[in-house]
Amino acid sequence: MTADKRMTADEAVARLADGMTIGIGGWGSRRKPMALVRAVLRAGLTDLTVVSYGGPDVGLLAAAGRIRKLVTAFVSLDSIPLEPHFRAARQRGGLELVELDESMVMWGLTAAAHRLPFLPVRAGLGSDVMTAGPGLRTVVSPYEDGEELVAVPALTLDAALVHLNRADARGNAQYLGPDPYFDDLFCEAAKEAYVSCERLVTTEEFTDEGGPQTLLVQRHCVTGVVEAPGGAHFTSCAPDYDRDEAFQAAYARAAADPAAWREFVARFLSGDEDEYRAAVAATRRATRRREAS
Amino acid sequence: MNVSRAEICVVACAEAWRGDGEILASPMGTVPTIGARLARLTFAPELLLTDGEAMLIADVPALGRPARVVEGWLPFRRHLALVTKGRRHVMMGASQLDRYGNQNISRIGDARRPDRQLLGVRGAPVNSLNHPVSYWIPRHSPRVLVERVDMVCGVGYDRAAAAGPAATRFHGLRRVVTDLAVLDFETPDRTLRVRSLHPGVTAEEVRAATGFPLDVPSDVPRTRPPTAAELRLIREVVDPDGLRDREVRT
């Protein structure tokens with residue numbers, strides 16, 4: 001038998017340390033490991049370098065001042081194009097930004113997963129990403145073409161946080177939506193990976209819901225498994241649930257005003273994950289009552 | 001026939017994909033999306049389209065409606081491979097665009113502490129170095145069409161040339177469609193020129209709305225209006241809710 005890697009979100013995050021480089025899976029406001037991010041907020045982790053296709057994961061951490069350096073191609077809430085907390089943090093000079101192209105993030109993670117120092121890409125040449133980060137260099141092809149390309153450095157992570165639809169206790173994990181995003185790469189690029197899931201299943205149950213190609217993450221690169229139903233809320237987690245647009249809109253509205261944001265934090269982010277879910281459910285009931293009357 | 005400015009813009013966007021063949025048309029924004037679907041329904045039936053997420057769609061639904069038929073799977077990782085293979089023509093937005101076609105969607109102001117943080121570079125660097133790129137600017141103004149962009153995300157002709165053969169090899173900017181005119185880079189020094197003025201727009205208006213000197217030849221043509229068949233497709237099939245009018249003022 002292989003190890004039982006089940007743990008709580010707080011236990012997973014307790015294994016991380018200030019100053020770490022942490023990769024966060026998902027994409028924009030899609031299948032983000034939000035329960036793990038909320039645990040990072042609770043644990044008080046700070047001085048982080050975050051690598052992410054950014055969404056509200058970056059927004060929440062930036063609003064709390066936990067990010068020292070952000071490596072990303074964008075930060076967006078998808079249905080709301082600009083992430084308000086990230087904007088505010090940048091506009092007050094609150095975090096260092098290393099801006100890479102979307103494909104460069106993928107190749108940086110791939111290089112790390114393959115234990116290579118860099119991978120050559122065309123993307124970036126002529127653009128200001130060459131100077132936006134410290135020291136992006138080029139490399140010249142040793143073959144007849146002699147092309148000079150960008151050497152994307154490996155984005156090696158101390159830890160990866162990802163959320164998938166299903167996982168077993170050993171760390172195998174399955175996505176059931178239309179896009180795997182890059183969660184397997186994040187796990188393979190990291191020294192330790194923590195996978196939260198909507199539902200913990202037995203290994204035998206994987207085949208009930210999807211073919212073998214849906215088994216995205218393998219146990220040999222997973223350190224901990226966290227059962228977290230609703231763990232991507234308020235981002236989407238197809239097919240289990242869609243993005244909570246009303247909640248996301250409230251989150252973005254609250255960002256505009258310090259008092260409103262303090263109230264949002266008090267209501268949703270000051271307790272544990274159970275209290276978060278209870279507060280979200282209470283808000284939904286209140287909205288339904290308002291709409292009914 | 002009464003044709004709105006938005007409908008002129010839809011056709012101008014559609015024309016950007018004419019002759020592209022069997023490649024992915026990637027429109028960003030409402031009017032380019034209507035344009036790409038119009039092109040596919042009329043003169044460019046080979047174009048591939050996505051549902052905006054991970055699926056290639058075989059039918060052409062109205063804006064905001066789901067597709068019924070999926071013909072392929074294109075999650076982000078495969079999308080990035082398709083981009084580098086070059087089988088794509090994107091029409092991106094631009095917060096700033098200069099005369100050489102350098103585009104900025106990342107930030108206004110300096111890198112350390114910008115006045116306005118925008119989206120980030122997204123895929124603009126990989127797009128502009130690998131396949132045809134056009135731009136859609138729904139509000140032609142000197143704040144968008146600027147002398148110099150604050151951050152080069154999409155690479156223009158001068159910057160590609162300076163970066164060398166690996167940068168110019170697959171680089172090519174096709175069209176800039178705005179609410180006033182269609183522009184392109186078909187000049188000896190690869191700088192913007194007006195290709196056509198939309199009906200009712202004067203050369204003086206376009207010059208005044210551009211943040212750098214722009215030559216408008218006296219014999220510049222008018223942007224073509226939609227045909228009756230195109231107008232019916234725009235109004236009844238692709239955009240029955242009139243979302244185009246929210247992006248372009250009449």
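## Two domains in chain A

Domain 1 of chain A and domain 2 of chain A bury about 660 Å² between them, 72% of it on carbon and sulfur atoms; buried area here is the accessible area (1.4 Å probe) that two parts lose on being put together, summed over both. Chain A is divided into domain 1 (9–104 + 155–245) and domain 2 (118–153), with bounds that come from an automatic or database domain assignment. Their centres, taken over C-alpha atoms, are separated by 28 Å.

Eight residues of domain 1 of chain A are in contact with eleven residues of domain 2 of chain A, where contact means heavy atoms within 4.5 Å. Across this interface the rule finds zero salt bridges (a side-chain nitrogen of Lys or Arg within 4 Å of a carboxyl oxygen of Asp or Glu). It also finds one residue pair in polar contact, both at pLDDT 80 or more.

On the side of domain 1 that touches domain 2, strand E4 (96–99) and helix H5 (102–113) of chain A are the elements that give two or more residues. E4(A) has the largest share, with three residues. Helices (H or I, at least four residues) and strands (E, at least two) are DSSP runs, numbered from the N terminus.

## About the model

This is a predicted model, in which local features need pLDDT of at least 70 and side-chain atom pairs count only at pLDDT 80 or more, while totals for chains, interfaces and linings use all residues. Residues are numbered from 1 along each chain as its sequence is written, chains are lettered from A and ligands numbered from 1 in the order in which they are written, and side-chain values use heavy atoms, with hydrogens and water left out.

## Where chain B meets chain A

Now to the two chains. Here 39 residues of chain B are in contact with 42 residues of chain A, and the area buried between them is about 3,400 Å², of which carbon and sulfur atoms give 53%. Phe76(B), Arg77(B) and Arg122(B) supply 23% of the area that chain B buries against chain A, more than any other three residues.

The rule finds five salt bridges across the interface of chain B and chain A. Arg77(B) also meets Asp184(A) through their side chains in a salt bridge (2.7 Å, N to O). H4(B) gives the most to the side of chain B that touches chain A, with five residues.

## Local features worth a look

Thr191(B) is found in the loop between strand E12 (181–184) and strand E13 (193–197) of chain B. Thr191(B) is buried, with a relative accessible area of 11% (buried means under 20%, exposed over 50%, partly exposed in between; 1.4 Å probe, protein chains only). Its side chain makes a polar contact with the side chain of Asp189(B) at 2.9 Å.

In chain A, a cis peptide bond joins His233(A) and Phe234(A), with omega about 10 degrees. The peptide bond from Ala238(A) to Pro239(A) is cis too, with omega near 0 degrees. Arg31(A), not a glycine, has a positive phi of about 40 degrees and is buried at 3% relative accessible area.

How values were computed: A polar contact is a pair of N or O atoms within 3.5 Å; within protein, one must be able to donate a hydrogen and the other to accept it, and residues adjacent in sequence count only if both atoms are side-chain atoms.
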